[in-house]
Amino acid sequence: MLRSFGTNRPPTPLWPEVLEKDIQIPLRDGSSNRARVYSPSSSSTIGKPLAVFAFGGGYITGSLETEEEDCRTWVKKCGGVAVSIGYRLAPEHAWPGPHEDMYDAVKWIASNYKDLDADPSKAFVLGGTSSGGTTMMAITHLWRDENHIPPVTGLFVSIPMSYHTPSALPEKYSQRDISYEQNKDAPVFNEITGNFIDSFVKPDPRDPLRCPLLWPTGHNNLPPMYMAVAEALREEGGVKTKLDIFGGLIHSFWGVFPAAEFSREYRGKAEEGLEWLVEQSKLNE
């Protein structure tokens, strides 16, 4: 039922500025996942900034179509090419399978950007929502540690969960965490919802792939990030961050209440965040 709610969404009207096409991205086990490429409808020979987005859904539900507004905005406002990637879900595809699918997709896109008419030297941004954004945070750390080329120039994440449970937090963070207790009965995403998702995903609460806050090599030398909360990155890693906080609102509020004024405010802030990341990429050229 949850998957049906998350995937049976009616198609939205196309944007005249944006072309869309589906491709298949090969994976390490010989299978492939669908991805959708968004590009400008106007012809241009100028290299286009590249962005890759991963959808949310707790690793058990969701579809790549839910990232279409950020992808379309990237094309319209930043003149770039965006790819919304698919990945296989738990429990059928056991953890860390969803992470591996996303990582394989990012590596394939980084190796085949010319076929997508993109130029990552203009910008190469990874992004996503909720669980997708959390994994993109982990992939950004891996990308740095494994010295992949081209370098990631920015990270755009909405409502990520940078750690899994308070019991996994180092002592220096544990005294600052009050949100689990405050929000255990919150609407939509709460203690019951989290336990339900975990019963299918079964992650190790100290696995840095699931909890990038616990990354063993730290957070130094990461690219600029737009995200909801980034205190550990900003204070300890010296990472340039742009932070927007939407107090008193539930997880994925813009999807639940798309017509609300606070959701329109979020969309405006997200657009500014994407443009900010492109500007940061230009500063580092």
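1. Charges in this note are counted with Lys and Arg as positive and Asp and Glu as negative, while His and the chain ends are not counted. The place of a charge is NZ of Lys, CZ of Arg, CG of Asp or CD of Glu. On that basis the chain has 28 positive and 37 negative charges, and their mean positions are 3 Å apart.

2. The model is predicted: local features need pLDDT of at least 70 and side-chain atom pairs count only at pLDDT 80 or more, whereas totals for chains, interfaces and linings use all residues. Residues are numbered from 1 along each chain as its sequence is written, and side-chain values use heavy atoms, with hydrogens and water left out.

3. Ten helices and eight strands make up the secondary structure of the chain (DSSP runs numbered from the N terminus; helices are H or I of at least four residues, strands E of at least two). The radius of gyration is 18 Å, close to the 19 Å given by the globule rule for 285 residues, so the chain is as compact as a globular protein of that length. That radius is taken over C-alpha atoms, and the rule is 2.2 Å times the number of residues to the power 0.38. The C-alpha trace spans about 50 × 45 × 40 Å along its principal axes.

4. Of the 285 residues, 52% count as buried (under 20% relative accessible area; exposed is over 50% and partly exposed is in between, with a 1.4 Å probe and protein chains only). The accessible surface of the chain is about 13,600 Å², and carbon and sulfur atoms account for 55% of it; areas come from the Shrake-Rupley method with a 1.4 Å probe, and for residues only the protein chains shown count as cover.

5. Contacts are heavy atoms within 4.5 Å. Among those between residues at least 6 apart in sequence, 70% join residues at least 24 apart.

6. A salt bridge is a side-chain nitrogen of Lys or Arg within 4 Å of a carboxyl oxygen of Asp or Glu. By this rule the chain has 18 salt bridges. One network of salt bridges links Asp22, Arg34, Arg36 and Glu65.

7. Glu100 pairs with Arg28 in a salt bridge, with 3.8 Å between the closest N and O atoms. This pair links distant parts of the chain, 72 residues apart: Glu100 is in helix H3 (residues 97–111), and Arg28 is in the loop between strand E1 (18–26) and strand E2 (32–40). Glu100 is partly exposed at 27% relative accessible area, and Arg28 is exposed at 51%.

8. Asp29 and Arg88 form a salt bridge at 3.0 Å, N to O. Asp29 lies in the loop between E1 and E2 and Arg88 in the loop between strand E4 (81–85) and H3, so this bridge ties together parts 59 residues apart in sequence. Asp29 is partly exposed at 48%; Arg88 is partly exposed at 24%.

9. A salt bridge also joins Lys77 and Glu271 (3.6 Å, N to O). Lys77 is in helix H2 (residues 68–78) and Glu271 in helix H10 (residues 261–283), so the pair ties together parts 194 residues apart in sequence. Lys77 is partly exposed at 40% relative accessible area, as is Glu271 at 25%.

10. Thr165 sits in the loop between strand E6 (154–158) and helix H5 (171–174). Setting aside neighbours within four places in sequence, Thr165 is in contact with Tyr180 and Pro205. Tyr180 is 15 residues from Thr165 along the chain, and their C-alpha atoms are separated by 8.2 Å.
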